[in-house]
Amino acid sequence: MELDLALGDIWVYLSASPLLHLTLTVAAYVLADWIFQRSGRKALFNPVLSSIIVLVVILRVTETDYQTYFAGAQFVHFMLGPATVALAIPLYRNLHLIHRLWLPILLTIIIAAIVSTTSAVLIAQWLGASKQTLISLAPKSVTAPVAMGIAEKAGGSPSLSAALVVLTGVLGAVIGTAVLAAVRVRDDRVRGLALGVNSHGIGTARAFQISDLAGAFSALAMGLTALVSAFALPFALRWVFGS
Amino acid sequence: MPLKFIALLLLCQLLGEVLVVWSSQPIPGPVVGLVLLFFGLGLRGGIPEGLGRVVDGLLAHLSLLFVPAGVGVMLHIAMLREEWLAISLALVLSTVVTIAVTGVLMTALIRWVERRRGEH
């Protein structure tokens, strides 16, 4: 009985402090990443996906609301901004790849960004998804930090976008190479580009398993897709859905 | 860890946010910061070695950084129960279409560029 009381007191103290949920977030990710490494870096064991599931289950079991959780986790969340700025460095490093292929690459990325957004939004709309879902779904192929910014600017939900982006990444990494084989694409530059355009960082990790050339093209495609989308998608979404 | 490079990243983000607010355009501020840093590197003609190291450290665990926001899906569980089919089909079909179109288009365009170069 006394022990129960003491534990209860500690819980009340801890759950009011941001440290608990900050620690929980990092610990869940470290564990998820360990499982991911052990699986041989299979996209299905993506550490973001599994840590989100684990954390949501823990929060629901302990009846903690998202605001309380975020009060702690925001210290991790805050680093997204500087990390997004930092994406300029890999983009700059991979820019030499454009070289003599700049026209095919730019054309492909612009058209692919349009195809990926409109196909997803049209299918979901046809199946009766709500407006907020449609807006949050639109940047699904854009790297998560940028996609969340787009969703926020266009009146969608950044949280929902983050989850859909990760799911899209995993999907593309799992079925992407089979789709490319079905349309008889064998060039590693093209395979990398297609994985990066659709599946951003998770696709890029998969592309590096094909070859370094595929990985570099995927990273380039991910950066350019993020740029094109960040500057065009908020305007397009406001125009289509109003704001 | 050289603090001046952290300051540089924050400064680019801050300038990006200021530009976005000032121009009242719906573009994410950090992306404008990315573009500013990118052009800065172009003007300088390369990446300072220390900056490269700081950024590699920061980006090595980039995916940890969007876990807190991702956990926010718990706010949408009721909606997901209603719309899971629409969302799943949209994600799967759109992924197949996007990857196939990208693959075919890029292959055709590379061939076109190489043929044109062969003629000249």
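## Exercises on a predicted two-chain model

Chain A has 12 helices and 0 strands, where helices (H or I, at least four residues) and strands (E, at least two) are DSSP runs numbered from the N terminus. This is a predicted model, in which local features need pLDDT of at least 70 and side-chain atom pairs count only at pLDDT 80 or more, while totals for chains, interfaces and linings use all residues. Residues are numbered from 1 along each chain as its sequence is written, and chains are lettered from A and ligands numbered from 1 in the order in which they are written.

**Exercise 1.** Find the domains of chain A and describe their contact.

*Solution.* Start with the assignment: domain 1 covers 2–78 and domain 2 covers 84–241; such bounds come from an automatic or database domain assignment. Next, take the centres over C-alpha atoms, which lie 28 Å apart. The contact then draws 7 residues from domain 1 of chain A and 8 residues from domain 2 of chain A; two residues are in contact if their C-beta atoms, placed from the backbone, lie within 7 Å. Finally, sort the domain 1 side by class: 5 nonpolar, 1 polar and 1 charged. Here Ala, Val, Leu, Ile, Met, Phe, Trp, Tyr, Cys and Pro count as nonpolar, Asp, Glu, Lys and Arg as charged, and the others, Gly among them, as polar.

**Exercise 2.** Work out what chain A brings to its contact with chain B.

*Solution.* Count both sides to begin: 89 residues from chain A and 62 residues from chain B. Then look for the element of chain A that gives the most, and you will reach helix H10 (residues 158–182), with 15 residues. By class, the chain A side holds 63 nonpolar, 21 polar and 5 charged residues.

**Exercise 3.** Describe how H1(B) and H3(B) pack.

*Solution.* Helix H1 (residues 3–23) and helix H3 (residues 49–60) of chain B meet at an angle of about 70°, with their axes 9 Å apart. Axes are lines fitted to C-alpha atoms, for helices over the stretch in contact, and angles run from 0 to 180 degrees between N-to-C directions. The two helices are therefore roughly perpendicular to each other, a label for 65 to 115 degrees. Now pick out the residues: Phe5(B), Ile6(B) and Leu8(B) of H1(B) meet Gly50(B), Leu51(B) and Val54(B) of H3(B). This contact divides into 5 nonpolar, 1 polar and no charged residues.

Methods
Parallel < 35°, antiparallel > 145°, perpendicular 65-115°, else oblique.
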